[in-house]
Amino acid sequence: MKTKKIEIGSNVYDIDIKNLSQDEIKELQELLYQNRIIVVKNQSLTEQDYVDFAYKFGFPEAYLQSHYNHPDYPLIFVSSNVKKEDGRQLGVARTGGYWHSDTAFEKEPKIITMLMPKVLPKISRRTTRFIDMSAVYNALPAELLEQIEEEDFIHSGRYRYKVRPEDAGLDIAEILELIDYYQPPVHHPAVIEHPVTGEKIIYGSRGFTIGISNKDREEQHNILKSIFDFAETNDFVKEVQWEMGDLIIWDNRFLVHSSGRAKAPTDNIHEAVAKEEETMMYRITMKDAHPLYAAKAEAVEAFAS
Ligand SMILES: [Fe+2]
């Protein structure tokens with residue numbers, strides 16, 4: 001296994017994930033926690049190979065909204081705007097074009113995300129952009145950090161829900177109620193400690209973090225805006241450019257991400273969507289062998305020993 005540092009994380013060469021020993025899988029997992037993200041290069045995988053590897057690497061689970069998932073391999077979430085010959089499409093188009101940590105709006109978020117490209121655009125570059133939120137924690141002005149350190153962030157996917165044909169006839173307020181019914185907002189600590197590396201991380205994103213515990217509405221809005229404005233700058237935003245054969249794996253505790261689709265030069269969203277090139281990505285999300293964060297009691301114990 002050879003590795004090379006990239007803008008964020010490391011490329012991994014000279015392995016075939018179809019034939020890894022237990023020790024090599026462990027090595028890959030350690031590499032992931034140290035690097036936040038790894039890009040395993042030059043893989044040639046069927047859907048079944050991909051699923052098999054996911055079960056060896058962690059504890060994968062299918063996404064809760066089943067229309068996102070591959071009809072024959074429900075573990076695979078398909079992000080695609082490719083139209084099939086019958087005009088229908090596999091999965092859902094234009095997912096994740098905003099800053100988020102995958103499934104942070106769940107009580108027990110999936111920790112690890114894997115992505116594998118199936119179709120890449122011919123003209124524009126296809127990238128995923130990342131922000132390391134432990135770097136943001138370390139650099140955040142103290143007066144901002146003080147205001148969130150002991151609080152929870154509140155998360156929901158409500159503003160990123162994609163309206164479906166069966167929602168026709170509902171008004172937007174009713175759709176929001178329905179989302180909260182199926183997926184009520186959840187609390188996670190605003191600052192978490194990584195259970196493996198012990199690093200502190202701000203666990204929040206502009207896409208999914210909708211509030212802060214124990215603050216009035218205006219304060220919540222102002223603090224969240226200040227944190228995300230601070231994070232979403234060239235100092236922190238890093239990019240991974242996709243190539244066919246890549247398998248990209250990251251730790252959602254550390255990283256927020258946004259899909260780097262090329263945007264057509266227009267403010268009209270319908271026109272911009274119509275001009276987007278075809279892409280298709282296969283995603284699998286999973287838990288690993290550790291909790292989302294080191295429990296406070298454990299952290300105190302570790303400090304004492
Ligand atoms: Fe995502």
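Before the first stop, a word on what a patch is: it is made of residues with over 30% relative accessible area and no salt bridge, and nonpolar side chains are joined into one within 5 Å. Keep in mind, too, that this is a predicted model.

**Stop 1: the surface**

Select Leu170, Leu178, Tyr181 and Tyr182. Together they make a nonpolar surface patch of about 460 Å². Now pick out Leu170 on its own: this residue sits in the loop between strand 8 (152-155) and helix 5 (172-182).

**Stop 2: the metal**

The iron ion is coordinated by NE2 of His100, an OD atom of Asp102 and NE2 of His257, at 2.2 Å. Along the chain, the donors follow the spacing H-x1-D-x154-H. Asp102 and His257 link distant parts of the chain, being 155 residues apart. You'll find Asp102 in the loop between strand 5 (77-80) and strand 6 (112-119), while His257 belongs to strand 15 (residues 255-260). Check how covered they are: Asp102 has 2% relative accessibility, so it counts as buried, and His257 is buried as well, at 5%.

**Stop 3: the core**

Switch to the inside. Nonpolar side chains tend to be buried together in soluble globular proteins. Here, the largest nonpolar core has 78 residues. Which residues have the most contacts inside it? Select Phe57, Ile148 and Ile249. Then stay with Ile249 and bring up its surroundings: leaving aside neighbours within four places in sequence, Ile249 is in contact with residues including Leu32, Ile37, Ile38, Val40, Phe53 and Phe57. Arg36 is also among the contacts of Ile249, and that takes us to the last stop.

**Stop 4**

Most residues other than glycine have a negative phi. Look for Arg36 in the loop between helix 1 (22-35) and strand 3 (37-40). Its relative accessibility is 10%, under the 20% cut-off, so Arg36 counts as buried.

Now move along to Asn42, in the loop between strand 3 and helix 2 (47-57). Asn42 isn't a glycine either, yet has a positive phi of about 60°. Is Asn42 buried or exposed? With a relative accessible area of 61%, Asn42 is exposed, whereas Arg36 is buried.

Terms used:
Residues are numbered from 1 along each chain as its sequence is written. This is a predicted model: local features need pLDDT of at least 70, side-chain atom pairs count only at pLDDT 80 or more; totals for chains, interfaces and linings use all residues. Side-chain values use heavy atoms; hydrogens and water are left out. Helices (H or I, at least four residues) and strands (E, at least two) are DSSP runs, numbered from the N terminus. Buried means under 20% relative accessible area, exposed over 50%, partly exposed in between (1.4 Å probe, protein chains only). Patches are made of residues with over 30% relative accessible area and no salt bridge: like charges are joined within 9 Å, nonpolar side chains (Val, Leu, Ile, Met, Phe, Trp, Tyr) within 5 Å. Accessible areas come from the Shrake-Rupley method with a 1.4 Å probe; for residues, only the protein chains shown count as cover. A salt bridge is a side-chain nitrogen of Lys or Arg within 4 Å of a carboxyl oxygen of Asp or Glu. Donors are N, O and S atoms within 2.8 Å of the metal (3.2 Å for Na, K and Ca); water is not among the atoms, so sites may look incomplete. A nonpolar core is a set of buried Ala, Val, Leu, Ile, Met, Phe, Trp, Tyr and Cys residues joined through side-chain atoms within 4.5 Å. Contact means heavy atoms within 4.5 Å.
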